[in-house]
Amino acid sequence: MAMRRAIGLMSGTSLDGIDVALIESDGVRVRVVKSANGLVAPLGPTGYRGYGEAEKALLREATRDAEGIRARADRPGRLAEAEDFVTRAHAEAVESFMDRNGLSPEEIDVVGFHGQTVIHRPKLGLTVQIGDGAALAKRLRIRVVSDLRANDVAQGGQGAPLVPVFHRALAEAAGFTGPLGILNIGGLANVTLIDANGGMLAFDTGPGNGPINDWMKERAGRDFDDGGDTAARGTVDEALLDNLLGHPLLLRAPPKSLDRNWFSHKLAGYLTIEDGAATLTAFTAHAVARSLAFAGERPTRWIVGGGGAKNRTLMAMLERLLKAEVTTADAIGWSSDFLEAQAFAYLALRALDGLPLTFPTTTGVAAPVTGGIVYEP
């Protein structure tokens, strides 16, 4: 199959903004650039459209209103307003990205539009990512693939994580062999474990940056713990950590996907800001380490992407607990910030070709299935 150009879009549960990335792929292989120092990076520029404070507040309120959703089309409270905003903001992000990079709609084969997750309850057969794919395609004049989780959930899968097949394609392009762990730390943390034969096991490990960010917002008025510096000054409350690690969802065997709202920072409310940050950071790291109880092979190398890769305290905890080489995606030529956006570009191309997006060992679906809804401009 011929290489095609796809733009991927990701707005994660951290609610910080929209990542934009362009890749070239045939839906199986990913075109990469190999530098003189051996780093391997997906070919294509990236971009970002941050959310303002009022926009973040709208999305947080919409996420709370989403607790009232009983069917996928329900839009209680401010959800309809938020969906209009999400669609408009993603359109602006793509238009700005294409303008900066001298791209025209005719040069792009597809846009992979994840939307904004507001509720994810796969056991109830319910997952909702707001964003109007039809309206986005019409405005951009580019084919759009959205609603990438729904078919997996409808077929009995967890609907997440979706990125493992892209992780494997990147690892193959880089020449990595298993056992390898690829960890993404956004609002939640999810892992792809690739064994020596290329087999995949993937699942959400537990909290990511979400509780840490919520803690810093509430206690310090900041969106995140920059570099993990606040946590570095604190002391982990071991009793509270043990209690947090007893969460039944962490003990459940995969397949499993989790909801950001299931892990609250408020349990640390009696601690100082530093000790609370340290304890919540340790919660994320220990949850990742404990997830290895489900691994057939312990990875000898870990690659960490997402915002958590910038948290030095968290990265140090992971290296100590995982007892393996731990590096950031950036350090090997990948992108810590844009890996998920790149993945949704890749998944959109696979969806166009009817290729599987999810597998029994990644979401628990009975058989490999494709997904997504295609909207023509």
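Among contacts in the protein between residues at least 6 apart in sequence, what percentage join residues at least 24 apart? The figure is 70%. Keep in mind as you look around that this is a predicted model.

**The whole protein**

Counting its elements gives 13 helices and 14 strands. Why does a radius of gyration of 19 Å agree with a compact globule? Because a compact globule with 377 residues would have a radius near 21 Å, the 19 Å of this protein agrees with that expectation. Along the principal axes, the C-alpha trace spans about 55 × 50 × 40 Å. Of the 377 residues, 56% count as buried. As for the surface, the protein exposes about 14,600 Å², and carbon and sulfur atoms supply 51% of that area.

Rolling a probe the size of a water molecule over the atoms shows where empty space is left. The second largest pocket has a volume of about 210 Å³. Its lining draws two or more residues from each of these elements: β6 (110-121), β7 (126-130) and β14 (373-375). Which residues lie nearest the centre of this pocket? They are R75, E83, Q129, G131 and D147, out of 16 lining residues. Here is the lining of the second largest pocket sorted by class:

| Class | Lining of the second largest pocket |
|---|---|
| Nonpolar | 5 residues |
| Polar | 6 residues |

Technical notes: Residues numbered from 1 in each chain as written. Predicted model: local features only at pLDDT ≥ 70, side-chain atom pairs only at ≥ 80, totals over all residues. Heavy atoms only, no water. 1 Å grid on protein atoms, 1.4 Å probe; cavity = no way out; pocket = protein on both sides within 12 Å on 5 of 7 lines; lining within 4 Å. Points joined across faces, edges and corners; volume = space filled by probe spheres on them. Helix = DSSP H or I, 4+ residues; strand = E, 2+ residues; numbered from the N terminus. Nonpolar A, V, L, I, M, F, W, Y, C, P; charged D, E, K, R; others polar. Rg over C-alpha atoms; globule rule 2.2 N^0.38 Å. Buried < 20%, exposed > 50% of the residue type's maximum accessible area, 1.4 Å probe, protein only. Contact = heavy atoms within 4.5 Å. Areas by Shrake-Rupley, 256 points an atom, 1.4 Å probe, with all protein chains shown as cover.
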